[in-house]
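Q: Please take a close look at the ligand site. Which classes of residue make up the shell around the ligand, and where does the ligand sit?

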Amino acid sequence: MINILIVGAGKGIGLETARLLKDENLFTISRHATPELDELGSQFFELDVSKDDLSNLSLPEELHGLVFCPGSINLRPFNRLTEEDFLADFNQNFMGAVRIIQKCLPALKKSKGASIVLFSTVAAKVGMPFHTSIAASKGAIEGFAKSLAAELAAANIRVNVIAPSLSDTSLAAQLLSTEEKRIASAKRHPLQRIGLPEDSAQLVAFLLSDKSSWMTGQIIGLDGGLGNIKL
Ligand SMILES: NC(=O)c1ccc[n+]([C@@H]2O[C@H](COP(=O)([O-])OP(=O)(O)OC[C@H]3O[C@@H](n4cnc5c(N)ncnc54)[C@H](OP(=O)(O)O)[C@@H]3O)[C@@H](O)[C@H]2O)c1
């Protein structure tokens, strides 16, 4: 068994990842406990990683995997986004990752072969209207991950980023609230469907495992082809 910390494990992709990896020694964080997560029997901490004090967070001495799932979908025309909106998205998507990675770094180093998995979005690669704030925050994650991967390679800590397109989780609920919206969203993707939390969870499991031991500093599109293909 290896020690894995999943931040944002209460719902969505983080919860699906926790389900998939339930036989490992799981440590989980979310702002709110959920009954689904309770059932998995992980060691749970109720925390907002973007702002709460992390100094008392008690983690194992060695950490083999860290997955950071919090994010936002704040889609609005640029002229209706305030400076506060940009800062809130940056805090939610980026600063939380910085804070928890800094907290976990000694334990990740101790494991002598750890893997960090972060989340971006297809909208950091392909320009989409109304995505300026989220694209900026996720662009920060992508640049950060590549630099961190370079810095931590000598310690055999790998850092990779998954960049999904629209996936069926609570985060995307408003965009998928009617059958019409779901069909239109599916049709925008070359593979004619939206993502499932399982799609991302399977990729997280691969990136945490030794099967990906030669991969670091990568931004991996998981988007039904939307990021690279034009039909
Ligand atoms: N779903 C999509 O369409 C989509 C598309 C592109 C990229 N992504 C990215 O994929 C990642 C996972 O998304 P998802 O759809 O699974 O999101 P989700 O359904 O909103 O789940 C996010 C999880 O993180 C927790 N969380 C949020 N902020 C937190 C914080 N500050 N501190 C601690 N826990 C926090 C949430 O629970 P609480 O609210 O209880 O804390 C929840 O358990 C995100 O980074 C997102 O940007 C998703």
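A: Ala, Val, Leu, Ile, Met, Phe, Trp, Tyr, Cys and Pro count here as nonpolar, Asp, Glu, Lys and Arg as charged, and the others, Gly among them, as polar. By these classes, the shell around the ligand holds ten nonpolar, 14 polar and four charged residues. This is a predicted model, in which local features need pLDDT of at least 70 and side-chain atom pairs count only at pLDDT 80 or more, while totals for chains, interfaces and linings use all residues. Residues are numbered from 1 along each chain as its sequence is written, and side-chain values use heavy atoms, with hydrogens and water left out.

In total, 28 residues surround the ligand, each with a heavy atom within 4 Å of it. The closest are Ile13, Arg31, His32, Ser167 and Thr169.

Polar contacts (pairs of N or O atoms within 3.5 Å) involve several parts of this shell. From the side chain of Thr169, an N or O atom is 2.4 Å from a ligand oxygen. Ile13 takes part through its backbone, where a polar atom is 2.8 Å from an oxygen atom of the ligand. Lys138 uses its side chain, with a polar atom 2.9 Å from a ligand oxygen. Taken alone, the ligand exposes 890 Å² (Shrake-Rupley method, 1.4 Å probe), and the protein buries 96% of that area.

As for its place, the ligand sits in the largest pocket, meaning that more than half of its atoms lie within 2 Å of the pocket's grid points. A pocket is an open set of points on a 1 Å grid over the protein atoms alone, with protein on both sides within 12 Å along at least five of seven lines.

Key. Polar contact = N/O pair within 3.5 Å; in protein donor to acceptor, adjacent residues only side chain to side chain. 1 Å grid on protein atoms, 1.4 Å probe; cavity = no way out; pocket = protein on both sides within 12 Å on 5 of 7 lines; lining within 4 Å.
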